[in-house]
Amino acid sequence: MDNLSDALKKLTIPAADRTEGSLEGCLDCLLQALAQNNTETSEKIQGSGILQLFANLLTPQASCTAKVANIIAEVAKNEFMRIPCVDAGLISPLVQLLNSKDQEVLLQTGRALGNICYDSHSLQAQLINMGVIPTLVKLLGIHCQNAALTEMCLVAFGNLAELESSKEQFASTNIAEELVKLFKKQIEHDKREMIFEVLAPLAENDAIKLQLVEAGLVECLLEIVQQKVDSNKEDDVAELKTASDLMVLLLLGDESMQKLFEGGKGSVFQRVLSWIPSNNHQLQLAGALAIANFARNDGNCIHMVDNGIVEKLMDLLDRHVEDGNVTVQHAALSALRNLAIPVVNKAKMLSAGVTETVLKFLKSEMPPVQFKLLGTLRMLIDAQEAAEQLGKNAKLVERLVEWCEAKEHAGVMGESNRLLSALIRHSKSKDVIKTIVQSGGIKHLVTMATSEHVIMQNEALVALALIAALELGPAEKDLTSAQLVQILHRLLADERSAPEIKYNSMVLICALMGSESLYKEVQDLAFLDVVSKLRSHENKSVAQQASLTEQRLTVES
């Protein structure tokens, strides 16, 4: 029976003319040949046409089922054999076999399905539609003592969890409970790593996040952190990173985050706080990211600021000013930015010295850090005094003007423009406007008025109107060379401009009349025609402002 060609011939004999022993012998021969030269044997199997016969041999009661499934698993290791296996109609009988009680049949069936569907999202989606997820979760629960079967289930989960369509099905099973139970039993790094590889994609789903929290995963993760924090071994460092990253991911769900916050009294929240002053960069990073995630609603933010979290984050940033860790800087600034959103927190954070700490990172050349630095400052300067203090800081304003030209980093460019405008809008200060004029910031505010985002256009127009009202003389030259009047004419003539844009453009036109040269440009562009049309605008404020503007234009002319 060691002749492969003989075995293939015998397998094509009708089942009624074949003894069970001869079938077993043929299958053994195929397995042996596959072990010696898988690719060549697979080609011969494909050429012989026996794949079609395997579908009938995959029955729960047949004694050779496990061997047939094993052969399919082996041939499907070759990419060229996967489609022929599908065409031979093997998927459906294999899926049926996942209900078998025989552990060897289950193992080989799982391998066969995994190899056939390897790297094929469409085939994996087909398996999901055939309901394999609840079946495999059940198998994991029943056969958790069988290491090989457990591993097969984990590999399958890892592949299927990558598909978005699987998440809903996983969420309707007790996968969270089973994985946490399994995780608690594992001592070996490799086994835990396999479970982590399934947990990470699953934890992207909010419903599963909550299930994992309720199943006690967080406690397991905190324990790993505690065990590995002082180790320098490569495996331990990797596991610490995975555990703390997963912890942060669980906090991205609103319900799971709130459950762990427990009004700021939760033991998990307290443990995470203790990571921030640690000497381990990975823990500092995870701690700061966790705080940023806890700081996603006003109640949590107010509680954290009242309980000294700002000082902890400032201390952390101080440790990373010179040649600091960029990811830690970014995470700590993200947390400060979120904490600064509630109005009641702004004054407290200003008096704690947050702006001074944040400004230490002005020299950073890393766009992610620049972006968060700008966002944090913009959140803090609602108060006139703070806006004035920062707006007169020439170093800051010069850096902002430089970043307003960072075309390759749209986020940094946008935030710089918005902060420049906010400094003027909140300070209403001549000194701030002078500083911005001297640093060459005017042209950027004019460009910002043409932004595709209405909110940014509006912020720019309000800031420009304040410049025109408070300090038009020094800004006149820059406003002219930036073609502000032509831009305002375009905004008013464009039917797509939002009502608030039309309104603020007209307010700005009136303010510009104090300058002889700018007023001449207004006259040359026949603004009266555009403005008079707006008197019948459906928005009352726009219509009223159009009447006022028309009067001013008529009187002046």
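Reader: Is E24 buried or exposed?
Author: The model is a predicted one. In it, E24 is buried, because its relative accessible area is 19% and the limit for buried is under 20%.

Reader: Which residue does E24 form a salt bridge with?
Author: The partner of E24 is K67, and the closest N and O atoms of the pair are 2.9 Å apart.

Reader: What else does K67 form a salt bridge with?
Author: K67 also pairs with D28, where the closest N and O atoms are 2.9 Å apart. D28 lies in helix α2 and K67 in helix α5, so parts that are 39 residues apart in sequence are tied together by this pair. D28 is partly exposed, its relative accessible area being 34%.

Reader: Which residues make up the network of salt bridges here?
Author: The network links E24, D28 and K67.

Reader: How many salt bridges are there by this rule?
Author: The count comes to 29. One of them joins the side chains of D382 and K346, at 3.9 Å from N to O. D382 is in the loop between α26 and α27 (384-391), while K346 is in helix α24 (residues 343-351), so the pair ties together parts that are 36 residues apart in sequence.

Reader: Of those two, what is the accessibility of each, starting with D382?
Author: D382 is partly exposed, at a relative accessible area of 40%. K346, in contrast, is buried, with a value of 8%.

Reader: Changing topic: which residues form the negative surface patch?
Author: That patch is formed by D190, E193, E197, E234 and D235. Two elements, α14 (189-202) and α17 (234-250), each give two or more residues to the negative patch.

Reader: Which element gives the most to the negative patch?
Author: The answer is α14, with three residues.

Reader: Where is E234, then?
Author: E234 is placed in helix α17. E234 counts as exposed because its relative accessibility is 71%, and exposed requires over 50%.

Reader: Let us turn to L362. Where does L362 lie?
Author: L362 lies in the loop between α25 (354-359) and α26 (367-380).

Reader: What does L362 touch?
Author: Setting aside residues up to four places away in sequence, L362 touches L373, K395, L396, R399 and W403. As for one of these, L362 and K395 are 33 residues apart in sequence, and their C-alpha atoms are 8.7 Å apart in space.

Reader: What about N293: is N293 buried or exposed?
Author: N293 is buried, with a relative accessible area of 10%. Helix α20 (residues 281-294) is where N293 lies.

Reader: Which residues is N293 in contact with?
Author: Apart from neighbours within four places in sequence, N293 is in contact with V248, L251, L252 and M257.

Reader: One last topic, the backbone angles. What is the phi of E262?
Author: Phi of E262 is near 45 degrees, a positive value in a residue other than glycine. E262 is found in the loop between α18 (254-261) and α19 (267-275). The relative accessible area of E262 is 49%, and E262 is partly exposed.

Reader: And what is the phi of A526?
Author: A526 has a positive phi of about 50 degrees, although A526 is not a glycine. The place of A526 is in the loop between α36 (516-524) and α37 (527-533). A526 counts as partly exposed, at 36% relative accessibility.

Key:
Residues numbered from 1 in each chain as written. Predicted model: local features only at pLDDT ≥ 70, side-chain atom pairs only at ≥ 80, totals over all residues. Heavy atoms only, no water. Patch = residues over 30% accessible without salt bridge, like charges linked within 9 Å, V, L, I, M, F, W, Y side chains within 5 Å. Areas by Shrake-Rupley, 256 points an atom, 1.4 Å probe, with all protein chains shown as cover. Salt bridge = Lys/Arg side-chain N within 4 Å of Asp/Glu carboxyl O. Lys, Arg positive; Asp, Glu negative; His and termini not counted. Charge placed at Lys NZ, Arg CZ, Asp CG, Glu CD. Helix = DSSP H or I, 4+ residues; strand = E, 2+ residues; numbered from the N terminus. Buried < 20%, exposed > 50% of the residue type's maximum accessible area, 1.4 Å probe, protein only. Contact = heavy atoms within 4.5 Å.
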